[in-house]
Structure formats: structure tokens, C-alpha cells
Amino acid sequence: MKKQELVFGIHAVESLLKHAPERVLEMWLLSGRQDDRVKPLLEMAAQWGIRAQQASRKTLDDKAESTQHQGIIIRVRPAKVLTENDLEALLDKTDSPFLLILDGVTDPHNLGACLRNADAAGVHGVIVPKDNSVGLTPTVSKVACGAAETVPLFQVTNLARTMKRLQERGVWIAGTAGEADSTLYQADLKGALAIAMGAEGKGLRRLSRESCDTLISIPMAGSVSSLNVSVATGICLFEAVRQRL
Ligand SMILES: C[S@@+](CC[C@H](N)C(=O)[O-])C[C@H]1O[C@@H](n2cnc3c(N)ncnc32)[C@H](O)[C@@H]1O
């Protein structure tokens with residue numbers, strides 16, 4: 001397991017300082033950057049005894065392995081990995097769970113965007129298989145705009161077994177697939193619910209698909225055969241939000 005990791009970008013750094021400041025170990029700021037967007041972050045960090053080190057753009061680009069750091073990077077202790085037991089604890093304390101399952105999303109931009117959607121929709125937790133999925137990388141945190149620190153991400157060993165367990169606990173699982181006959185807008189998405197999304201290339205794996213209570217599609221009017229997984233996730237989550245209001 002990694003002993004530390006980097007988080008970059010204004011929103012991701014702000015969210016970490018707000019929600020898990022004890023994880024922050026070190027901070028680097030683009031030399032000369034002292035504007036209104038970074039000042040509150042420097043103040044929050046100072047409360048935890050962290051002083052920003054000045055760094056050149058090249059140093060920041062090299063550290064982040066990206067130019068998308070917005071002039072600020074922090075080094076953090078990795079978050080606790082949430083597993084099946086943590087998911088059980090969440091179900092114990094949540095009346096009407098609203099969950100998102102991502103079956104093997106591998107692109108960090110997609111996972112980041114899905115977490116951002118999940119946070120905005122009020123999802124209680126996102127479930128991913130431990131293998132064949134991207135984890136919480138710096139790019140995921142950056143794209144998630146802070147949601148990587150607010151939405152619990154459960155990494156499970158056997159997704160089909162977890163889906164069965166969710167059903168035993170009264171959670172209804174709606175899987176999504178472009179070719180499903182019934183549409184998102186015909187589904188009842190109230191009550192204890194998990195929406196399952198497939199991977200970028202292959203969609204839901206056979207076992208995951210068979211583990212769903214129903215399969216639903218987003219009607220497509222044009223010529224493309226499918227939507228990007230994060231776009232499809234946003235559409236499905238917010239239809240559920242509309243119904244659950
Ligand atoms: C890029 S798509 C995968 C396409 C894949 N070739 C397939 O046949 O499922 C990634 C995921 O986004 C969701 N998705 C994309 N378009 C969809 C649609 N029209 N209806 C329902 N889900 C969709 C599904 O969860 C799908 O597994």
C-alpha cells in the first residue's frame with residue numbers, strides 16, 4: 001500500500017483541508033502565487049502547522065505529472081480504504097440508501113466525474129471492484145473537484161457477491177445498458193437503490209448484469225450507440241434524485 005500520495009488543484013486541496021486536514025503532510029505553492037483563491041487554503045493549512053513551500057511551475061508540473069495543478073499541490077497520507085465491512089456499517093445507519101456501483105471504470109477522468117456527480121446527487125456511497133478499476137489517484141481527486149473526500153468509495157473483492165448482499169439488505173439494483181428494453185424514465189427509483197454502471201469499453205460484466213434486479217437504458221435519439229459513462233451516470237442519478245424528492 002502507498003504510504004503517501006499527492007492531491008492537486010484548488011477544489012481538491014480545499015476539500016481535503018476541510019474534510020480530512022489531519023491527512024495533509026506537506027504543501028507546495030507556485031512561487032509568487034498569493035491571490036484570493038489560495039489565501040484561505042494557506043490559512044487553513046497553517047492551522048494544522050503546514051507552511052506552503054514555494055516551487056517553480058516546472059517543479060509542480062513534475063510532481064503532479066500534469067499541468068492541471070492550478071499552482072497548488074499537497075502531499076497527504078492515503079485515505080483509509082473502505083471495504084465490505086464499512087459498506088455494511090453504512091447500510092446499518094442509512095434508512096433509504098442511494099448507492100452507485102461502477103463496474104470496472106478505468107479512466108481516472110471518468111471516476112473523478114462520477115464521484116462529482118455522486119456528491120452532487122447526494123449518493124451515500126460508490127462501490128467499485130478492487131481489481132480492474134482505477135483507485136483514488138491524484139487525477140481522480142482533481143477531476144472530482146473535492147468529491148473524492150466527501151463521497152465514501154467502497155472497494156470490494158467480489159462485486160457480484162456484494163450486489164447479492166445489497167439485495168439481501170433490501171437494496172434494489174438497477175443496472176444500465178444501452179440495449180435494455182425498459183427505459184430509465186419507466187423505472188421506479190425511489191426507496192433503497194443502487195444504480196450500476198458499466199465500464200468504458202465493455203459495459204457491465206455478465207455476472208454483474210445478471211445480478212441486477214432490472215436493466216434500464218437511457219433513450220438515444222441520434223446515431224451514437226452509447227454515452228460516456230460519467231455522462232450516463234449523471235443522467236441516471238439525477239432522474240433518481242427527481243423521483244426521490
Ligand atoms: C461507454 S458505455 C459502454 C458501452 C458498451 N459498449 C456497452 O455495450 O455497454 C459505459 C457505460 O455507460 C452507461 N451507458 C452509456 N450509454 C447508455 C445508455 N444509452 N443507456 C444506459 N446506460 C448507458 C452504461 O452503464 C455503460 O455500461
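These exercises work through salt bridges and ligand contacts in the structure above.

This is a predicted model, in which local features need pLDDT of at least 70 and side-chain atom pairs count only at pLDDT 80 or more, while totals for chains, interfaces and linings use all residues. Residues are numbered from 1 along each chain as its sequence is written, and side-chain values use heavy atoms, with hydrogens and water left out.

**Exercise 1. Find which residue forms a salt bridge with Arg169, and say where the two partners lie.**

Step 1: Start with the rule: a salt bridge is a side-chain nitrogen of Lys or Arg within 4 Å of a carboxyl oxygen of Asp or Glu. The count by this rule is 16 salt bridges.

Step 2: Arg169 pairs with Glu88, their closest N and O atoms being 2.7 Å apart.

Step 3: Now place them, taking helices (H or I, at least four residues) and strands (E, at least two) as DSSP runs numbered from the N terminus. Arg169 belongs to the loop between α8 (159–168) and β8 (172–176), and Glu88 to helix α4 (residues 84–93), so the pair links distant parts of the chain, 81 residues apart.

**Exercise 2. Is Glu239 buried or exposed, and what about its partner Arg242?**

Step 1: Glu239 and Arg242 form a salt bridge with closest N and O atoms 2.8 Å apart.

Step 2: The two residues are about one helical turn apart because they stand three residues from each other in helix α10 (residues 229–244).

Step 3: Buried means under 20% relative accessible area, exposed over 50%, and partly exposed in between (1.4 Å probe, protein chains only). Glu239, with 6%, is therefore buried, whereas Arg242, at 52%, counts as exposed.

Step 4: Elsewhere, salt bridges that share partners join Glu88, Asp92, Lys164, Arg165, Glu168 and Arg169 into one network.

**Exercise 3. Work out how many residues surround the ligand, and which backbone atoms lie by its nitrogen atoms.**

Step 1: Counting residues with a heavy atom within 4 Å of the ligand, 18 residues surround it, the closest being Thr176, Gly198, Gly201, Ile218 and Leu227.

Step 2: Look for backbone N or O atoms beside a ligand nitrogen. Gly201 has one at 3.1 Å, Ile218 one at 2.9 Å and Leu227 one at 3.0 Å.

Step 3: On its own the ligand has 560 Å² of accessible area (Shrake-Rupley method, 1.4 Å probe), and the protein covers 84% of this.

Step 4: The elements giving two or more residues to the shell around the ligand are β9 (193–198) and α10.

Notes: A polar contact is a pair of N or O atoms within 3.5 Å; within protein, one must be able to donate a hydrogen and the other to accept it, and residues adjacent in sequence count only if both atoms are side-chain atoms.
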